[in-house]
Amino acid sequence: MDKSINLSVNIAGVPFKNPVIAASGTFGFGEEYNELYDVGCLGGICSKGLTLHPKDGNEGIRVWETASGMMNSVGLQNPGVEYFIANDIPLMRRFGNVLIANMGGHSLEDYVTGASMLSAADIDMLELNISCPNVKSGGMAFGIKADVAHDVVKEVRAVCKKPLIVKLSPNAENILEMAKACEDAGADALSLVNTFQAMAIDIRKRKPVFNNVYAGLSGAAIKPIALRMVHSVCKQVHVPVIGIGGIYTAEDVLEFMMAGASAVQIGTVNFNDPLAGKNVLEDLSALCRREGIVDINEIKGIC
Amino acid sequence: MRYFDSKVLDNQQVAEDIFVLRVERNGAEAKAGQFYMLKSWDKELTLMRPISVFKAEKDELWFMYRLVGKGTQILSLLEKGASIKLLGPCGNGYPCEKLSGKVAVVGGGLGVPPLCETSKQLTHAGVTVDAYLGFRDVLFGVEDFEPWCDSIFVSTEKGEEGYKGFVTDLLKPEGYDCVITCGPEIMMRKVAAMCAEADVPCYCSLEHRMACGIGACLGCSIRTQNGMKRVCKDGPVFLSTDLLWNS
């Protein structure tokens with residue numbers, strides 16, 4: 001990698017050596033991909049979405065390829081906050097990059113209890129998932145209405161001593177109101193977008209593919225919409241924004257940063273190219289050189 | 001586990017919608033029952049395709065696959081010399097080195113190919129192997145079992161070749177120290193039940209939709225007697241007594 005180009009960014013006081021972060025749910029706790037390359041080269045890693053108590057996740061088909069993307073309905077299968085703190089944090093710490101714990105919930109109480117436990121643990125940032133479309137009763141409910149989101153963020157803010165990122169759903173009634181409500185409630189940063197609620201039908205079985213009927217769409221198919229949402233949110237809020245949504249290439253990274261993002265998360269592309277994290281980073285350095293960008297922060301929000 | 005570039009050495013149709021793809025092995029490992037994630041595209045398709053190892057030759061990996069959708073259609077059009085990417089070996093594989101005596105491998109349809117490499121590795125481990133291979137109507141891969149098996153029993157549903165009916169009709173688990181099975185769930189459940197009755201250990205290899213293939217995305221998790229397990233990483237091979245057959 002080209003050391004003469006500065007790729008380091010800062011989000012809510014947390015320094016990242018580069019703006020490429022592994023997105024929650026696509027990267028486990030980093031262990032599997034670390035067998036293929038040193039995942040410590042990434043700016044940071046968002047853990048698999050945690051909940052206060054362990055969850056088995058959804059029954060039935062969980063992943064489904066679509067044109068230029070995929071749908072998933074994993075349903076937050078995870079070992080629970082306590083297990084994560086005892087077992088996964090020490091492993092993730094070996095990577096030496098920014099450790100972001102992603103946490104969802106089913107009730108306000110769960111969010112607050114889980115957040116205070118994680119806040120006291122050895123994490124760098126907490127990413128609050130108020131946007132999972134795949135968990136019935138809760139999960140996304142918090143991510144649809146701005147006033148509901150405001151309440152949960154405010155409560156979590158009160159107990160969370162670590163920098164707090166709120167991950168937004170593109171399924172929010174109004175993404176701008178949602179972003180402002182979360183900022184008002186004390187979010188230190190916003191990340192967007194999570195998956196779009198979508199549907200697939202198995203015509204032979206004459207039934208929806210997913211047991212939950214709807215599932216989350218990700219990948220290149222959503223990128224232009226995600227970019228628009230990141231752009232419009234960045235114009236409205238003062239806190240840093242992390243762009244997510246179908247980012248596959250170094251060019252995509254620059255697009256999101258030019259739209260105003262301070263960093264990005266890559267998710268679905270990890271399945272297409274297991275070395276995507278490393279490849280996007282290497283390409284990013286080369287691309288910056290070609291484009292005459294000396295410091296990646298200089299292009300932030302220029303569009 | 002490696003992600004590497006390889007070259008297609010051959011890609012032949014061996015039966016209606018069944019193909020055998022041979023690629024350069026490049027020193028890659030392949031334990032019986034393991035699989036690779038394959039792709040010959042860039043970003044045109046999102047996911048790689050999990051395909052089990054049919055044969056691991058000295059310098060080649062052989063994959064037998066059925067043309068079922070877009071991904072396998074693209075694979076089926078690959079010509080000699082084409083580039084292909086492999087991620088693997090994925091999964092645990094069969095514990096051939098721990099087995100002894102006499103083992104039956106019971107395959108149905110596209111569950112047959114991985115049992116070929118398994119039979120070879122069992123033979124190399126000093127195990128005597130009988131193969132029970134069930135097909136809908138057309139046979140494929142059967143002759144590849146011949147060097148490694150004492151007896152080969154074949155069935156087709158309407159009796160076009162071999163026994164008419166299901167291959168499980170021919171199996172008597174009590175004659176074996178272990179049974180290894182791969183194929184449609186309905187067949188493996190039957191084999192597992194027969195083995196339970198005869199008190200013979202039975203290993204099943206599951207098929208599942210998967211995204212990452214390496215245990216990160218939890219897209220292929222199943223509920224087992226020992227909690228949630230990832231077919232791609234903790235499997236695809238499970239002891240039948242660990243399975244709940246909840247798909």
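Which strands of chain B does helix α2 (residues 113-124) lie across? In this predicted model, helix α2 of chain B lies across β4 (49-56) and β5 of chain B, and its direction makes an angle of about 40° with β4(B). The report begins with the sheets of chain B, continues with its domains, and then turns to chain A.

**The barrel of chain B**

In chain B, 6 strands close into a barrel. Their order is β1-β2-β5-β4-β3-β6, and the pairing is antiparallel. On average, neighbouring strands of this sheet are turned by 45° against each other, direction ignored. One pairing within the chain joins strand β2 (residues 18-24) to strand β5 (residues 60-66) of chain B, in the antiparallel sense and over 7 bridges. Opposite B:Glu24 stands B:Glu60, a residue of β5(B).

**The open sheet of chain B**

Chain B also has an open sheet of 7 strands. The strands follow the order β10-β9-β8-β7-β11-β12-β15, and their pairing is mixed. Strand β11 (residues 178-182) and strand β12 (residues 202-205) of chain B pair in the parallel sense over 4 bridges. B:Ile180 has B:Tyr203 of β12(B) opposite to it.

| Strand pair | Sense | Bridges |
|---|---|---|
| β2 (residues 18-24) and β5 (residues 60-66) of chain B | antiparallel | 7 bridges |
| β11 (residues 178-182) and β12 (residues 202-205) of chain B | parallel | 4 bridges |

**The domains of chain B**

Chain B is divided into domain 1 (2-90) and domain 2 (96-205). A distance of 23 Å separates the C-alpha centres of domain 1 and domain 2 of chain B. To their contact, domain 1 of chain B gives 14 residues and domain 2 of chain B gives 13 residues. On the side of domain 1 of chain B that touches domain 2, β1 (2-15), β4 and β5 of chain B each supply at least two residues. The largest share of that side, 5 residues, comes from β4(B). By class, the residues of this side of domain 1 of chain B are 9 nonpolar, 2 polar and 3 charged.

**A helix pair in chain A**

In chain A, the axes of helix α5 (residues 146-159) and helix α6 (residues 175-184) come within 8 Å and cross at roughly 25°. Because angles under 35 degrees count as roughly parallel, α5(A) is roughly parallel to α6(A). The crossing of α5(A) with α6(A) is right-handed. From α5(A), the residues A:Ala146, A:Asp147, A:Ala149, A:His150 and A:Val153 meet A:Glu177, A:Met178, A:Ala181, A:Cys182 and A:Asp184 of α6(A). This contact of α5(A) with α6(A) has 6 nonpolar, 1 polar and 3 charged residues.

**Where the chains meet**

Between the chains, 27 residues of chain A are in contact with 20 residues of chain B. The elements of chain A that give two or more residues to the side touching chain B are α1 (31-34), β5 (63-66), β6 (69-72) and α9 (269-272). The residues on this side of chain A comprise 12 nonpolar, 10 polar and 5 charged.

Note on methods:
Residues numbered from 1 in each chain as written. Chains lettered and ligands numbered in written order. Predicted model: local features only at pLDDT ≥ 70, side-chain atom pairs only at ≥ 80, totals over all residues. Axes fitted to C-alpha atoms, helices over the stretch in contact; angles between N-to-C directions. Parallel < 35°, antiparallel > 145°, perpendicular 65-115°, else oblique. Left-handed = near helix turned anticlockwise from the far one by under 90°. Contact = placed C-beta atoms within 7 Å. Nonpolar A, V, L, I, M, F, W, Y, C, P; charged D, E, K, R; others polar. Pairing = 2+ DSSP bridges. Domains from an automatic or database assignment.
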